[in-house]
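Here are my notes for a first reading. Please keep the sequence and the model open beside them.

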Amino acid sequence: MPIPPSTTTAAATFAKKWANLGDEKQDSQRFWFELLQKVYGVEDPASFVRFEQRVKLSHVSFIDVMIPATHTMIEMKSRGKDLDAPIKQSDGTFLKPFEQAKRYAAALPYSERPRWIVSCNFAEFHVYDMERPNDEPERILLKDLGKEAYRLKFLVDVRDSHIQREMDLSREAGTLVGRIYNALLPAYGDAPTAKDLQDLNKLIVRLVFCFYAEDAGLFGARNAFQHCMETFRAENFRLALITLFRVLDQKPEERDRFLDPKFAAFPYVNGSLFTEDVPVPPMDEPTRTLILEEGCGFDWSGISPTIFGSIFESTLNPATRRHGGMHYTSIENIHKVIDPLFLDGYKERFHEAMQEKQTKRRIERLRDLQRDLGRGQYFDPACGSGNFLTESYLSLRRLENDILRETLMGESGTGVLGLDFAGSSEEDYVHVSIQQFHGIEINDFATSVAKTALWIAESQMFRETEDIIHKEMDFLPLHTNSNIHEGNALRMDWKSVLPPSDDVKILGNPPFVGARLMTPAQKEDLKAAFGPDIPQNQVQTFDGTAQFNGTKKYDGWKNLGNLDYVTGWYKKAADYMENTTIHAAFVSTNSITQGEQVAILWKPLFDQKLQFDFAYRTFRWDSESVKKAHVHCVIIGFSYAQKNAANTPQKFIDNGGIKNTVNNINAYLVDAPEVFVKSRNKPLCGVPEVGIGNKPIDNGNYLFTKEEMDAFLTDEPAAEKYFRPWYGAKEFIDNQPRYCLWLGDCNPKELLQLPHCLKRVENVREYRLKSKSAGTRKIAEKPTRFHVENMPKENYMVIPEISSEKRRYVPMGYMTPDVLCSNRLKLMPGATLYHFGILESNVHMAWMRSVCGRLETRYCYSINIVYNNFPWPTPTPEQRAEIERTAQGILDARANHPDSSFADMYGEHMYLYPDLLEAHRANDRATLRAYGFPVKITEPDCVAELMKRYEALTSN
């Protein structure tokens with residue numbers, strides 16, 4: 001593994017410096033900060049590594065060092081301590097440092113468990129790969145780090161190899177399935193019908209189940225499917241498959257007594273997988289070879305059923321996938337939902353039971369837990385290909401297997417003392433069943449895949465249980481899995497799918513479709529989800545009101561047109577959960593916790609006493625699909641407060657991998673009061689008003705690039721004085737103005753002497769007259785004027801409406817009166833340096849990031865939401881003067897780089913402008929002091945304080 005020479009040099013320097021240092025208590029933080037930053041180039045190690053993370057065993061303990069991004073746990077000892085020697089623990093046991101770390105790891109949620117465990121005594125590193133926990137560790141000496149720095153590269157390599165292998169397998173299998181699909185597709189003709197494509201999808205599911213079944217040993221003899229089918233030539237291959245599928249759905253006593261022995265050897269599968277009569281098309285020799293050699297040659301037994309859906313994703317029409325808003329998710333991300341929703345609670349009970357010293361009592365508690373595992377009902381109302389349900393099933397069954405392991409061991413560690421299962425059926429061993437997992441999915445193919453994924457998961461877990469109980473368990477025939485329902489979740493009565501009870505957990509990631517991207521049918525779906533129960537002869541409008549004989553009868557959910565599609569699932573879930581202790585958790589686009597959607601969606605639900613139990617603030621949700629979907633998401637766990645006062649775990653907010661316990665989670669996902677920032681026409685505080693720029697409605701006739709303007713002036717040089725620089729948000733940030741032909745003040749007589757200008761005016765007039773809008777047709781009477789005109793007579797400040805979410809600061813600046821701005825810039829006449837300093841500070845940026853809307857993922861700065869609601873400080877004269885000084889410092893630092901645009905200076909390479917960065921930091925500190933905030937306050941804490949001030953200001 002190559003490593004840069006600079007790293008090798010830095011590693012040698014580091015090793016020399018630390019050659020004789022190393023106290024566990026005094027030096028650990030400094031040791032790891034320097035190693036990560038100076039050797040491996042981590043720019044901000046303080047946010048990359050954690051120290052003294054709490055972990056609950058039978059008592060509270062602390063993990064020395066954690067690197068969440070690379071799933072690394074580090075147990076530190078002082079120099080001179082033997083890393084292979086057991087050390088007495090606080091509970092009296094003796095553990096090696098690695099064993100101590102393993103005990104910590106077992107108490108963590110699945111998503112936080114380490115891939116790597118490192119024990120270190122400052123002189124050497126012992127590295128354990130938890131993919132191979134029984135292997136000897138790699139041993140790396142500090143003195144050799146100069147030449148062996150590459151061996152610790154995993155510390156900063158954020159690509160988890162376990163997850164990567166799953167993704168690689170998914171892509172490989174998905175590619176193979178896609179090739180089989182494409183090989184079969186031509187048999188359906190040049191224009192296959194929807195029914196043809198459904199049949200092909202079902203055929204693919206059956207083939208892959210056969211591939212898996214023979215690799216997993218479900219068909220008995222090894223390679224049973226391949227050996228049977230390879231005896232048939234291409235011209236008979238179709239009929240052989242039809243025969244096999246029919247046989248797999250027949251009990252032995254129902255089969256033809258003269259059935260070919262090759263087929264008779266196959267077991268009865270049941271489960272409805274092979275019940276339907278699915279046409280099988282003719283196959284040529286290349287297709288037969290592809291199925292037998294590559295399909296059967298791939299090792300399907302090792303697939304993760306959780307990503308079974310993504311294996312099939314490549315067979316779905318990309319347009320259908322986008323239309324439905326589906327995103328397949330990694331196992332790690334799924335656990336961010338299911339761990340706090342239910343799995344952590346069960347694991348905590350397991351851990352507490354294991355602390356019981358008395359064997360009988362320990363086994364009783366474990367039995368109680370196992371029975372409770374079998375009572376839970378898990379409901380994904382947008383289940384797609386079943387990722388969430390399958391991983392939930394696997395996780396609960398693994399925990400059940402742990403229980404079986406412990407209860408069967410008893411006191412002696414041999415034999416069956418805890419439970420007497422001799423001669424019992426598998427139902428006596430296994431309480432968790434796929435019948436506990438329910439789903440709704442609109443896509444018929446995904447529904448089939450979800451059912452099959454659960455069957456495969458069940459098969460794998462039966463095999464693991466067999467190894468524990470030392471008894472074979474019959475997996476086939478399958479139990480009919482009728483709990484995955486095909487249908488439109490926003491149109492269905494969820495209570496008919498699964499009657500609500502306190503045992504239900506709701507989970508999943510409903511479709512991600514923005515408010516402005518929904519189809520008409522999806523808008524109607526949303527209206528149906530939010531609609532009140534009103535007489536059928538009333539007409540419900542899409543703004544949430546109902547009208548009868550012209551009179552408003554219901555004043556309920558308003559402005560539904562501004563809500564994303566996913567909000568329908570929150571409303572349906574809230575309705576379903578009423579009067580129960582049901583808990584739910586969904587993945588959503590982060591837009592539902594920002595901007596105007598917050599008050600529209602959450603205030604009515606919070607008024608009904610819905611509460612947030614846990615939340616993951618914005619993070620990038622990577623899919624496992626071939627065509628990756630990168631979406632900025634949040635995870636919200638929720639329930640009804642009045643029902644869950646006693647049994648809701650401690651609330652937490654996860655911000656970039658750092659979990660903080662909190663007292664409350666408001667609709668913006670911060671620990672702050674239940675405030676809802678609503679649209680406001682005037683500023684909340686005594687500051688200048690901000691307006692929008694100019695809005696021509698000219699069909700582009702008055703706007704020119706530099707080249708277009710020069711060409712125009714070549715034909716009509718007298719028009720030069722009517723051209724003015726024109727900036728929108730993009731032009732301002734990129735420092736590339738366009739030019740506007742402003743004829744609003746042009747004398748009519750002079751305009752008649754400018755034929756090219758006059759032609760533009762006539763074009764605008766005709767364009768406006770053809771508009772469907774009465775207002776636009778009205779302004780056709782004054783075609784030289786704009787629809788909205790805002791042209792300050794003095795210098796003014798501008799704020800871009802749209803800016804990249806990757807920028808730490810939204811760049812703002814000043815314009816002179818000769819410049820015209822579009823409505824994509826917000827204009828603030830009379831802005832002083834003080835106003836500029838506050839608005840350009842990290843305090844205002846934190847507020848903006850929390851409450852602004854989004855255009856895709858970019859910030860969308862709103863006057864009525866962001867600016868007019870912003871709580872300004874009340875500085876002393878000295879603090880105000882300091883902010884003015886630091887604001888000027890920002891302008892001066894910008895002036896040092898006249899050839900750089902704001903896009904350059906405020907992009908991901910802002911560190912290349914250290915003078916500007918330091919000027920902003922100085923302004924941040926000055927602004928924080930004016931608010932009375934700590935200089936090192938975190939962004940969530942800053943927003944929480946601002947919301948408290950907002951609440952106080954609005955209550956008055």
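Which residues does Ile697 touch, not counting residues up to four places away in sequence? Point 1 takes this up.

1. **Ile697.** Ile697 touches Val764, Tyr767, Arg768, Thr776, Ile779 and His787, with residues up to four places away in sequence not counted. Contact means heavy atoms within 4.5 Å. Ile697 is found in the loop between β21 (691-692) and β22 (703-704). With a relative accessible area of 21%, Ile697 is partly exposed. Buried means under 20% relative accessible area, exposed over 50%, and partly exposed in between (1.4 Å probe, protein chains only). The C-alpha atoms of Ile697 and Val788 are separated by 8.8 Å, and these residues are 91 residues apart along the chain.

2. **Basis of the model.** This is a predicted model: local features need pLDDT of at least 70, side-chain atom pairs count only at pLDDT 80 or more, and totals for chains, interfaces and linings use all residues. Residues are numbered from 1 along each chain as its sequence is written, and side-chain values use heavy atoms, with hydrogens and water left out.

3. **Overall make-up.** The protein has 35 helices and 31 strands. Helices (H or I, at least four residues) and strands (E, at least two) are DSSP runs, numbered from the N terminus. Of the 956 residues, 55% count as buried. Take the contacts between residues at least 6 apart in sequence: 70% of them join residues at least 24 apart.

4. **Salt bridges across the chain.** The structure holds 48 salt bridges. A salt bridge is a side-chain nitrogen of Lys or Arg within 4 Å of a carboxyl oxygen of Asp or Glu. One of them joins Arg139 and Asp84, with the closest N and O atoms 3.1 Å apart. This pair links distant parts of the chain, 55 residues apart: Arg139 lies in strand β8 (residues 138-141), and Asp84 in the loop between β3 (72-76) and β4 (87-88). Arg139 counts as partly exposed, at 37% relative accessibility. Asp84 also counts as partly exposed, at 31%.

5. Lys202 and Glu276 meet through their side chains in a salt bridge (3.0 Å, N to O). This pair too links distant parts of the chain, 74 residues apart: Lys202 sits in helix α7 (residues 194-215), Glu276 in the loop between α10 (261-264) and α11 (285-295). Glu276 counts as partly exposed, at 40% relative accessibility. Arg151 forms a salt bridge with Glu148, the closest N and O atoms being 2.8 Å apart. Is Glu148 buried or exposed? Glu148 counts as buried, because its relative accessibility is 18%. A network of salt bridges links Glu352, Glu356, Arg361, Glu364 and Arg365.

6. **Arg349.** Arg349 is found in helix α14 (residues 331-354). It is partly exposed, with a relative accessible area of 31%. Neighbours within four places in sequence aside, Arg349 is in contact with Asp368, Leu369 and Asp372. The C-alpha atoms of Arg349 and Leu369 are separated by 7.2 Å, the two being 20 residues apart along the chain.

7. **Helices α7 and α9.** The axes of α7 and helix α9 (residues 234-248) come within 12 Å and cross at roughly 75°. Axes are lines fitted to C-alpha atoms, for helices over the stretch in contact, and angles run from 0 to 180 degrees between N-to-C directions. The two helices are therefore roughly perpendicular to each other. Angles under 35 degrees count as roughly parallel, over 145 as roughly antiparallel, 65 to 115 as roughly perpendicular and the rest as oblique. Leu203, Arg206, Leu207 and Cys210 in α7 meet Leu241, Phe245 and Leu248 in α9. These contact residues divide into 6 nonpolar, no polar and 1 charged. Nonpolar covers Ala, Val, Leu, Ile, Met, Phe, Trp, Tyr, Cys and Pro; charged covers Asp, Glu, Lys and Arg; the others, Gly among them, are polar.

8. **Helices α20 and α21.** The axes of α20 (residues 520-530) and α21 (residues 567-577) come within 9 Å and cross at roughly 20°. The helices are therefore roughly parallel to each other. Leu526, Ala529 and Phe530 of α20 make the contact with Thr567, Gly568, Lys571, Lys572 and Asp575 of α21. The contact residues here divide into 3 nonpolar, 2 polar and 3 charged.

9. **Helix α30.** Helix α30 (residues 842-851) is mostly covered, with 9 of its 10 residues buried. Among them are Trp847, Met848 and Arg849.
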